[in-house]
Amino acid sequence: MKLPSASKLDLASHCVWPYWAHETKSVYETSPASEVGKIVHAYAAEHARIPAQRRTIAQLVDAMRTDAIKRNTTPLELSDTTVSTATELCHAWDAHAAPSLAGKLWQPESLMAYDPVTDSAEAFPGVDPQDGYKVCPTGAFRGTADVLYASHDTVTVVDWKCGRPENVAPIASHKQMRFLGLAAARAWGLPNARIILAYVGLDGITAEQHTLGTDDLHDVRNELLELQARIDRREAPTIGDHCRWCHVRASCPTTRSALQTMSAATSQFAVVADARQITGPDHATWLLNTLKRVRLAAVDVESALKAWSDEHDGIPISDGVWGRKEVAIEHVRLTPDGLTLLEARLPASITTTVTKSSLEQALRADGRLPTVEMPHLMAQLRDTGSVMASVQVRYERR
Ligand code: SF4
């Protein structure tokens, strides 16, 4: 039986179709935010090595690129902006998270497999988590703990998160963490598991923690058994906002049916420009659900087009070629000299970091014309070293 990995347990609790259907086709999705997360995780894992053997961020990024090519997966989209954001978070991790691990005998990126039928788990130290599907036994759920250590009767599992998505479950009911706690407790033969979600931000770490005791671990096991039973029962796909995170949505029958419904019912969609023609809550719900699925299908098609255009040097369109474009952008990061400059010129706009649009707003509020003043102000900020340049990848006409 195909089973969800720990990070997919929340999604699987909403819909189990991807785990029993044969016609699934996965879409590989990446984003700057997920690439930042991968770099920070790799950097944190390096700290389990002795200092002389730790790789630098640049070396890690190179290794990740090489590995992606070797595995024949989509190479990482590592723009300058992504790497510079990740670098800042790595430095924040050094300052705020590393001290809490000092002196502990901790394992990084620990792959574990747990079988709820036998209530037993196995750990695979040193195995690359990406190879988990090769080593974990059939019938076992698998997951990777970013940090694992034990003391007395408790095993501790930490997961680093870069950025906090909206509506994330509280730690006590966080499915990925509850699973990792159970797998670690069984693998280490300890009765309790402390689970910690540690959000890494530029200002420090915000952590949430909870301890799972014997009864809690028993409940987690039952939840996994119930999930297995739902997969066995071959429950129909269940649509909802969770579809946004589903890696097989392009092949899901609900996507096909939403597209068919939309094309068969164009007269009903004609009302979207005129709210008075929406006949009631049921009609509004139907429109919204169908529209969301069609929008997601469009996102998938766009991802495929970007990949195709990269391989074929763009896609011809009536007024040129659509494809990858690298655009130079600048961020304002105030140095002390930059701060002095802004205090003199725009005291109302002072914060430790500012955006170009906030500077434009401040100029307007000060009765000055941004189109005239901004180029000069930016030139002065550049002279003070308060501007970081980077390259952003976009897909558009070129
Ligand atoms: S797209 Fe939604 S309904 Fe379809 S398989 Fe994924 S989660 Fe289930």
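In this predicted model, helix H2 (residues 32-46) lies across four strands, namely E1, E3 (141-151), E4 (154-162) and E5 (192-201). The direction of H2 makes an angle of about 140° with that of E4. Helix H7 (residues 175-188) also lies across strands, in this case E1, E2, E3, E4, E5 and E6. The angle between H7 and E5 is about 135°.

The strands belong to an open sheet with 6 members, arranged in the order E2-E1-E3-E4-E5-E6. Pairing within this sheet is mixed. Strands of a sheet pair through backbone hydrogen bonds, and the pairing may be parallel or antiparallel. The edge positions are taken by E2 (120-124) and E6 (204-212). Each of these two strands has a single partner, and therefore one side of each has no neighbour in the sheet. On average, and with direction ignored, neighbouring strands are turned by 35° against each other. Strand E1 (residues 107-115) and E2 run antiparallel and are joined by 5 bridges. Leu111 has Phe124 in E2 as its bridge partner.

The crossing of H2 and H3 is right-handed. On the H2 side, the contact is made by Lys38, Ile39, Ala42 and Tyr43, which meet Ile57, Leu60, Val61 and Met64 of H3. By class, the residues of this contact comprise 7 nonpolar, no polar and 1 charged.

Terms used. Residues are numbered from 1 along each chain as its sequence is written. This is a predicted model: local features need pLDDT of at least 70, side-chain atom pairs count only at pLDDT 80 or more; totals for chains, interfaces and linings use all residues. Axes are lines fitted to C-alpha atoms, for helices over the stretch in contact, and angles run from 0 to 180 degrees between N-to-C directions. A crossing is left-handed if the near helix is turned anticlockwise from the far one by less than a right angle, and right-handed if clockwise. Two residues are in contact if their C-beta atoms, placed from the backbone, lie within 7 Å. Ala, Val, Leu, Ile, Met, Phe, Trp, Tyr, Cys and Pro count as nonpolar, Asp, Glu, Lys and Arg as charged, and the others, Gly among them, as polar. Two strands pair if DSSP finds at least two bridges between them.
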